[in-house]
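Have the structure open as you read.

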Amino acid sequence: MTLTLGETEVPGTGGDRTVVGANLSLPLFRTLSGVLAGHPYLKVVVDRVESTWHLLDTRVHPFHVNYIATHVLGMTLEELDADLDAFNASVYMDPGRRFLLGVLSLHSEEAADGSESPFLVLETTEADTMHGALLEEFYLYVRGRLDGRLPLLLKPANHGQEQELATVSEARVPRILSHALFGSRTRTCLNPGEAEGRLRHFRTLAEYEAAAPQLGWADIVAMPRLPDDVPRVAGFINTAPITPLSHTNVLASGWGIPNAIVRDLDALMGPDDLDGAWVRYRVREDSITLEPLSAAPDLTKPAWHEQRIRIETPLLEEAPVLALHRLRRTDKDSYGTKAANLGELHHVLDSRTADLTAFYTRPRPPRRDLLGHLAARLGEQGASPERLRAAAAHCVAETVRAPEGVALPFRLHHLFLTSSPALQQGIGKLKMALELEALDIVDPLCLSLQHLVRSTPMPNEVVRSITASVPGLLAGGHRMVVRSSSNAEDLPGFSAAGIYDSVTTVRGADQLMDAVRQVWASLLSPRSVRLRHQVGISLDDTYMGVIVQEYVSASLGGVLVTCNPTRREDFRNVYLNCTPGSPERVVDGTILPQQYLYNTVEGGGRTMDVGTAGEDLPARTRTALARLALTGRLLQSHFSTEDVDDALDIEWLMTDEGAFRLVQIRPYAR
């Protein structure tokens with residue numbers, strides 16, 4: 001049943017309580033609304049032909065288009081699904097459309113006296129292309145039918161709407177940007193999940209460091225910003241903002257543990273002091289809860305204690321130092337996945353024969369494929385599949401460049417280790433300690449071995465192989481970047497994000513040798529050894545390849561992942577973070593990056609957070625980043641080894657000239 005103006009129904013009695021034509025009061029809003037991302041929300045449809053609006057019962061009508069098709073236009077769902085993309089275009093993109101679709105969400109702000117003042121925010125779907133006049137019409141229509149005591153703000157749903165509203169007076173259409181509305185959000189889901197464990201709340205890094213040796217798999221660690229070397233525990237709580245792309249959240253995702261930002265942890269814990277107590281910790285997209293348990297649960301060790309990660313046997317025979325462009329993905333067993341993927345990227349960009357449309361050809365019911373959307377993104381409407389494949393390859397080749405450099409094989413690492421009896425003896429002691437589970441002496445042995453690796457002279461054969469591979473960089477005094485490329489990372493169930501070293505300030509042969517040894521030594525850090533041992537990766541099978549590249553000055557650096565890390569079911573969006581300079585600053589937690597979400601199906605982008613910078617990037621730069629996000633999605637079609645929905649983690653640089661260079665492609669732990 002749909003109510004019209006003047007009709008009422010007692011809440012809670014069931015049925016469809018959708019209201020047509022009535023003014024909206026706060027009690028009616030609460031009757032019809034659901035909850036999204038922690039805020040009550042209500043779907044609205046303005047019918048411009050009938051000069052009325054529909055307030056949808058959220059419980060009954062989760063989708064605008066289904067309601068319009070079946071309740072207004074008299075269609076069946078089968079008829080709608082048969083031509084869904086065309087229908088969506090008619091309600092979201094047609095400038096002369098009949099219907100205006102949006103969402104009203106309820107928020108509050110604290111007044112000077114401490115009281116809470118409610119206000120409503122109106123927005124369209126993220127892919128809506130309303131021009132400025134339609135946005136103004138939509139706002140004024142809704143404003144005229146709201147309780148006048150409720151302030152109403154319009155939130156642009158994407159960057160295009162922001163530009164359209166630039167010519168509309170804010171006095172006529174008051175507005176708020178997404179990052180201003182949500183940038184100070186108290187609680188944010190980073191990685192959904194549930195855990196039972198002991199809550200350990202550390203207010204300072206010093207408190208954490210004092211307790212870190214005693215932390216175990218059943219602990220839930222809460223602190224302002226978790227360090228990258230946090231051990232594998234039951235859950236994370238960040239009491240200060242971080243990005244979903246931080247190393248610690250990538251680890252949480254790979255480990256399958258809940259992680260959230262909870263800036264009001266004391267309020268979430270309630271009147272009880274739960275520090276040290278046993279709790280049930282739940283993280284959902286729209287809620288984060290901590291429930292005290294009456295007693296310590298009968299916990300069994302998690303499944304990862306029995307987990308055994310399969311690792312391919314490294315190839316240590318006569319693999320030469322090779323330029324990156326000569327590698328292919330199949331060379332990972334000699335050079336590591338990072339190096340092999342960069343070589344594969346060169347191949348994709350140079351040959352232009354790879355099919356980069358596979359993500360869009362996958363059926364996503366009720367759609368048979370998304371090729372029509374890809375054609376729109378590439379400006380190739382109506383093109384054949386063959387033409388789209390060529391256009392996708394051209395788009396990627398025109399948007400990004402692969403880094404120049406060389407890859408040092410595992411063979412050189414092996415030659416170095418076997419050249420030193422002291423190293424062999426130290427590695428033997430470490431292996432024995434691991435086999436005997438004598439974990440109390442593992443860390444000191446690792447630290448001793450790392451020092452020995454950094455101080456042991458390179459064999460002449462190894463020095464000649466390295467220096468002969470980069471004569472131009474050495475002769476010219478160029479700055480170099482030395483990156484890790486191990487065979488013990490980027491594995492199913494073991495991402496190893498952030499546990500191996502890179503060195504970005506290298507000049508000359510001596511510094512190059514030191515940097516290579518430092519990268520090799522990171523394979524023996526206490527944390528990396530412990531994490532590999534926990535999942536059954538043998539020290540005997542673990543080797544480190546090295547990538548040597550010329551340093552490229554960058555005006556902007558960042559990371560993108562070809563998914564929405566906080567909404568696993570979202571197949572449209574790519575999440576992109578950036579900051580001036582190096583991409584390492586995005587993930588190491590030293591600053592809060594600028595954060596964007598780009599829709600690679602219907603198009604459009606949104607600013608999620610302006611971060612430490614305090615301001616958004618220029619519109620021209622954001623447009624370039626949208627093209628980069630689409631490029632990442634297209635590369636996903638080639639680099640996802642098991643499933644085209646397996647996301648990629650891509651590090652990138654924007655040069656001073658505005659060109660993009662990709663410096664790393666790896667699987668994203670999900």
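## H14 against H15

H14 passes H15 in a left-handed crossing. On the H14 side, Leu-371, Ala-375 and Leu-378 make the contact, and on the H15 side it's Leu-388, Ala-391, Ala-392 and Cys-395. Sort the contact residues of this pair by class and you get seven nonpolar, no polar and no charged. Keep in mind that you're looking at a predicted model.

Now for the geometry. Two packed helices are described by the angle between their axes and by how far apart those axes are. Here H14 covers residues 371-378 and H15 covers residues 385-399; their axes are 11 Å apart, at an angle of about 45 degrees. That angle makes H14 oblique to H15.

## H15 against H24

H15 also packs with helix H24, residues 619-639: the two axes come within 10 Å and cross at roughly 125 degrees. H15 and H24 are therefore oblique to each other, and H15 passes H24 in a left-handed crossing.

Who touches whom? From H15 come Ala-392, Cys-395, Val-396 and Thr-399, and they meet Arg-627, Leu-628, Leu-630, Thr-631, Leu-634 and Leu-635 of H24. By class, this contact has seven nonpolar residues, two polar ones and one charged one.

In soluble globular proteins, nonpolar side chains tend to be buried together. In this model, the largest nonpolar core has 65 residues, and Leu-512 and Trp-520 are the ones with the most contacts inside it. Setting aside neighbours within four places in sequence, Leu-512 is in contact with Ile-466, Val-470, Leu-474, Met-480, Val-482, Val-506 and Val-548.

Apart from that one lies another core, this time of 43 residues, and its members include Leu-356, Leu-378, Cys-395 and Leu-625.

## H9, tucked inside

How many residues of helix H9 are buried? Eight of its nine residues (the helix spans 247-255) are, so H9 is largely enclosed by the rest of the structure. The buried ones are His-247, Thr-248, Asn-249, Val-250, Leu-251, Ala-252, Ser-253 and Trp-255.

And what covers them? The cover includes strands S9 (187-191), S12 (235-238) and S13 (259-262), along with helices H22 (526-534) and H23 (584-587). Just after H9 comes Gly-256, which takes a positive phi of about 70 degrees.

Definitions and conventions:
Residues numbered from 1 in each chain as written. Predicted model: local features only at pLDDT ≥ 70, side-chain atom pairs only at ≥ 80, totals over all residues. Heavy atoms only, no water. Axes fitted to C-alpha atoms, helices over the stretch in contact; angles between N-to-C directions. Helix = DSSP H or I, 4+ residues; strand = E, 2+ residues; numbered from the N terminus. Parallel < 35°, antiparallel > 145°, perpendicular 65-115°, else oblique. Left-handed = near helix turned anticlockwise from the far one by under 90°. Contact = heavy atoms within 4.5 Å. Nonpolar A, V, L, I, M, F, W, Y, C, P; charged D, E, K, R; others polar. Core = buried A, V, L, I, M, F, W, Y, C linked by side-chain atoms within 4.5 Å. Buried < 20%, exposed > 50% of the residue type's maximum accessible area, 1.4 Å probe, protein only.
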